[in-house]
Amino acid sequence: MKHCRTALVILAALAVTGCVAPTGPVEVTRFHAADISALGKGTIAVEPAPGQDGASLEWKTYQAAVQRQLALLGYSEAPAGTISGQVAELRLGRSTYRPDRVGSPVSVGVGGSTGSYGSGLGVGIGINLTPRPAEQVETMLGVMIKDRVSKQTLWEGRASFTVRASSPLADTALGAAKMSEALFKGFPGQSGETIAVK
(Lines give C-alpha, C1' and ligand atoms only; values in the text may rest on other atoms or scores of the structure.)
Protein backbone atom coordinates (compact mmCIF):
# COMPACT_ATOMS: atom_id res chain seq x y z
CA MET A 1 0.00 0.00 0.00
CA LYS A 2 2.85 2.36 0.87
CA HIS A 3 4.49 1.70 -2.52
CA CYS A 4 1.19 2.48 -4.29
CA ARG A 5 0.94 5.88 -2.56
CA THR A 6 4.56 6.71 -3.43
CA ALA A 7 3.96 5.77 -7.06
CA LEU A 8 0.83 7.96 -7.20
CA VAL A 9 2.72 10.94 -5.76
CA ILE A 10 5.51 10.53 -8.35
CA LEU A 11 3.00 10.23 -11.20
CA ALA A 12 1.16 13.35 -10.02
CA ALA A 13 4.42 15.31 -9.86
CA LEU A 14 5.35 14.19 -13.36
CA ALA A 15 1.94 15.21 -14.66
CA VAL A 16 2.26 18.69 -13.18
CA THR A 17 5.78 19.26 -14.50
CA GLY A 18 4.71 18.01 -17.91
CA CYS A 19 2.14 20.84 -18.12
CA VAL A 20 4.72 23.56 -17.56
CA ALA A 21 6.13 24.69 -20.88
CA PRO A 22 9.80 25.71 -20.84
CA THR A 23 10.49 29.40 -21.28
CA GLY A 24 13.56 30.88 -22.85
CA PRO A 25 15.16 34.24 -22.14
CA VAL A 26 14.21 37.41 -23.99
CA GLU A 27 17.07 38.59 -26.19
CA VAL A 28 17.35 42.38 -26.07
CA THR A 29 19.51 44.79 -28.10
CA ARG A 30 19.48 48.55 -27.49
CA PHE A 31 21.06 51.65 -29.00
CA HIS A 32 20.93 55.27 -27.85
CA ALA A 33 22.22 58.69 -28.81
CA ALA A 34 25.33 60.08 -27.13
CA ASP A 35 23.22 62.59 -25.22
CA ILE A 36 20.66 60.68 -23.14
CA SER A 37 19.57 63.63 -21.00
CA ALA A 38 16.17 63.86 -22.72
CA LEU A 39 15.28 60.21 -22.02
CA GLY A 40 12.88 59.23 -19.25
CA LYS A 41 11.22 62.62 -18.87
CA GLY A 42 8.51 64.72 -20.44
CA THR A 43 5.51 63.51 -22.41
CA ILE A 44 5.46 60.57 -24.79
CA ALA A 45 2.92 58.76 -26.98
CA VAL A 46 3.18 55.14 -28.19
CA GLU A 47 2.27 55.05 -31.87
CA PRO A 48 2.48 52.43 -34.64
CA ALA A 49 5.74 52.29 -36.59
CA PRO A 50 5.32 52.72 -40.37
CA GLY A 51 3.54 49.68 -41.84
CA GLN A 52 2.06 48.54 -38.52
CA ASP A 53 -1.64 47.98 -37.86
CA GLY A 54 -2.25 50.05 -34.76
CA ALA A 55 -5.92 49.02 -34.69
CA SER A 56 -5.32 45.31 -34.00
CA LEU A 57 -6.04 43.99 -30.51
CA GLU A 58 -2.61 42.35 -30.35
CA TRP A 59 -0.84 45.63 -31.16
CA LYS A 60 -2.96 47.50 -28.59
CA THR A 61 -2.00 44.93 -25.91
CA TYR A 62 1.69 45.59 -26.58
CA GLN A 63 1.03 49.34 -26.71
CA ALA A 64 -0.47 49.23 -23.20
CA ALA A 65 2.47 47.16 -21.89
CA VAL A 66 5.03 49.57 -23.38
CA GLN A 67 3.13 52.63 -22.04
CA ARG A 68 3.22 51.09 -18.57
CA GLN A 69 7.00 50.62 -18.73
CA LEU A 70 7.53 54.17 -20.04
CA ALA A 71 5.46 55.55 -17.13
CA LEU A 72 7.64 53.59 -14.69
CA LEU A 73 10.70 55.23 -16.28
CA GLY A 74 9.35 58.75 -15.63
CA TYR A 75 7.47 59.57 -18.83
CA SER A 76 3.91 60.90 -18.76
CA GLU A 77 1.12 60.93 -21.34
CA ALA A 78 0.35 64.24 -23.03
CA PRO A 79 -2.88 65.87 -21.80
CA ALA A 80 -5.89 65.54 -24.11
CA GLY A 81 -5.72 67.89 -27.07
CA THR A 82 -1.95 68.36 -26.87
CA ILE A 83 0.94 66.75 -28.74
CA SER A 84 3.61 64.81 -26.85
CA GLY A 85 7.23 65.94 -26.83
CA GLN A 86 8.46 62.46 -27.78
CA VAL A 87 6.99 59.54 -29.68
CA ALA A 88 7.67 55.83 -29.18
CA GLU A 89 7.17 54.02 -32.50
CA LEU A 90 6.17 50.43 -31.78
CA ARG A 91 6.80 47.58 -34.22
CA LEU A 92 5.47 44.06 -33.59
CA GLY A 93 5.99 40.78 -35.45
CA ARG A 94 4.98 37.19 -34.67
CA SER A 95 5.69 33.97 -36.52
CA THR A 96 4.96 30.29 -35.90
CA TYR A 97 7.24 27.49 -37.08
CA ARG A 98 8.13 23.87 -36.33
CA PRO A 99 11.88 23.15 -35.97
CA ASP A 100 13.34 20.36 -38.09
CA ARG A 101 14.23 17.10 -36.37
CA VAL A 102 18.01 16.67 -36.06
CA GLY A 103 19.32 13.63 -37.95
CA SER A 104 17.61 11.16 -40.26
CA PRO A 105 14.61 9.22 -38.92
CA VAL A 106 16.12 5.96 -40.29
CA SER A 107 19.79 4.89 -40.26
CA VAL A 108 21.45 1.76 -41.66
CA GLY A 109 24.72 0.31 -40.41
CA VAL A 110 26.83 -2.46 -41.91
CA GLY A 111 29.53 -4.34 -40.01
CA GLY A 112 31.77 -7.31 -40.65
CA SER A 113 34.30 -9.41 -38.81
CA THR A 114 36.77 -12.24 -39.49
CA GLY A 115 38.36 -14.61 -37.05
CA SER A 116 39.57 -18.14 -36.46
CA TYR A 117 35.97 -19.38 -36.36
CA GLY A 118 34.96 -17.86 -39.70
CA SER A 119 33.71 -14.50 -40.87
CA GLY A 120 30.43 -12.67 -40.48
CA LEU A 121 28.54 -9.77 -41.94
CA GLY A 122 25.77 -7.92 -40.16
CA VAL A 123 23.31 -5.22 -41.15
CA GLY A 124 21.52 -3.07 -38.58
CA ILE A 125 18.67 -0.64 -39.02
CA GLY A 126 17.99 2.09 -36.50
CA ILE A 127 14.76 4.08 -36.30
CA ASN A 128 14.62 7.46 -34.55
CA LEU A 129 11.53 7.30 -32.34
CA THR A 130 11.90 10.76 -30.81
CA PRO A 131 8.80 12.89 -31.40
CA ARG A 132 8.81 15.76 -33.84
CA PRO A 133 9.89 19.04 -32.17
CA ALA A 134 7.03 21.12 -30.78
CA GLU A 135 5.66 24.09 -32.72
CA GLN A 136 7.34 27.35 -31.68
CA VAL A 137 6.09 30.95 -31.57
CA GLU A 138 8.64 33.74 -32.08
CA THR A 139 7.67 37.28 -31.12
CA MET A 140 9.70 40.35 -32.07
CA LEU A 141 9.12 43.73 -30.43
CA GLY A 142 10.79 46.95 -31.50
CA VAL A 143 10.48 50.45 -30.02
CA MET A 144 12.11 53.61 -31.35
CA ILE A 145 11.90 56.77 -29.21
CA LYS A 146 12.14 59.98 -31.22
CA ASP A 147 11.94 63.68 -30.54
CA ARG A 148 8.59 64.75 -32.01
CA VAL A 149 9.82 68.03 -33.55
CA SER A 150 13.34 67.21 -34.79
CA LYS A 151 12.52 63.53 -35.64
CA GLN A 152 15.89 62.62 -34.11
CA THR A 153 16.08 59.05 -32.79
CA LEU A 154 17.04 59.16 -29.11
CA TRP A 155 16.77 55.45 -28.28
CA GLU A 156 16.01 52.19 -30.08
CA GLY A 157 15.42 48.76 -28.63
CA ARG A 158 14.60 45.33 -30.07
CA ALA A 159 13.51 42.22 -28.19
CA SER A 160 12.82 38.69 -29.41
CA PHE A 161 11.34 35.77 -27.55
CA THR A 162 10.66 32.18 -28.62
CA VAL A 163 8.46 29.72 -26.71
CA ARG A 164 6.48 26.60 -27.48
CA ALA A 165 3.07 27.32 -28.99
CA SER A 166 1.55 25.53 -25.98
CA SER A 167 3.30 27.82 -23.48
CA PRO A 168 1.15 30.31 -21.53
CA LEU A 169 3.71 32.96 -22.59
CA ALA A 170 2.72 32.44 -26.24
CA ASP A 171 -0.48 34.23 -25.22
CA THR A 172 -0.36 37.90 -26.23
CA ALA A 173 -1.24 39.37 -22.82
CA LEU A 174 1.44 37.47 -20.88
CA GLY A 175 4.05 37.80 -23.64
CA ALA A 176 3.52 41.56 -23.97
CA ALA A 177 4.18 42.15 -20.27
CA LYS A 178 7.30 39.95 -20.21
CA MET A 179 8.82 41.38 -23.39
CA SER A 180 8.14 45.02 -22.53
CA GLU A 181 9.65 44.60 -19.08
CA ALA A 182 12.75 42.94 -20.56
CA LEU A 183 13.12 45.59 -23.27
CA PHE A 184 13.24 48.47 -20.79
CA LYS A 185 15.15 46.73 -17.99
CA GLY A 186 18.10 48.91 -16.95
CA PHE A 187 16.95 51.66 -19.37
CA PRO A 188 18.57 53.08 -21.44
CA GLY A 189 21.09 50.21 -21.28
CA GLN A 190 24.52 49.89 -22.86
CA SER A 191 24.34 51.10 -26.46
CA GLY A 192 24.98 48.28 -28.95
CA GLU A 193 24.95 45.53 -26.33
CA THR A 194 22.79 42.41 -26.65
CA ILE A 195 21.64 40.86 -23.39
CA ALA A 196 19.48 37.89 -22.40
CA VAL A 197 16.81 38.74 -19.83
CA LYS A 198 15.26 35.79 -17.99
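**Where two helices cross**

Author: Start with the crossing itself: α2 passes α3 in a right-handed way. The labels come from DSSP runs numbered from the N terminus, with helices being H or I over at least four residues and strands being E over at least two.

Keep in mind that this is a predicted model, where local features need pLDDT of at least 70, side-chain atom pairs count only at pLDDT 80 or more, and totals for chains, interfaces and linings use all residues. Residues are numbered from 1 along each chain as its sequence is written, and side-chain values use heavy atoms, leaving out hydrogens and water.

Back to our pair. The axes of α2 and α3 come within 9 Å and cross at roughly 35 degrees. (Axes are lines fitted to C-alpha atoms, for helices over the stretch in contact, and angles run from 0 to 180 degrees between N-to-C directions.) On the α2 side, E58, T61, Y62, A65, V66 and Q69 do the touching, and among their partners in α3 are A173, G175, A176 and M179; contact here means heavy atoms within 4.5 Å. The residues of this contact divide into 7 nonpolar, 5 polar and 2 charged. For that count, Ala, Val, Leu, Ile, Met, Phe, Trp, Tyr, Cys and Pro are nonpolar, Asp, Glu, Lys and Arg are charged, and the others, Gly among them, are polar.

What does α3 lie across? Helix α3 (residues 172-183) lies across β1, β3, β6, β7 and β8, at about 135 degrees to β7. Those strands belong to an open, mixed sheet of 6 strands in the order β2-β3-β6-β7-β1-β8, where two strands pair if DSSP finds at least two bridges between them. β2 and β8 stand at the edges with a single partner strand each, so one side of each has no neighbour in the sheet. On average, neighbouring strands are turned by 20 degrees against each other, direction ignored. Helix α2 (residues 57-73) packs on this sheet too, touching β2, β3 and β6.

Methods. Left-handed = near helix turned anticlockwise from the far one by under 90°.
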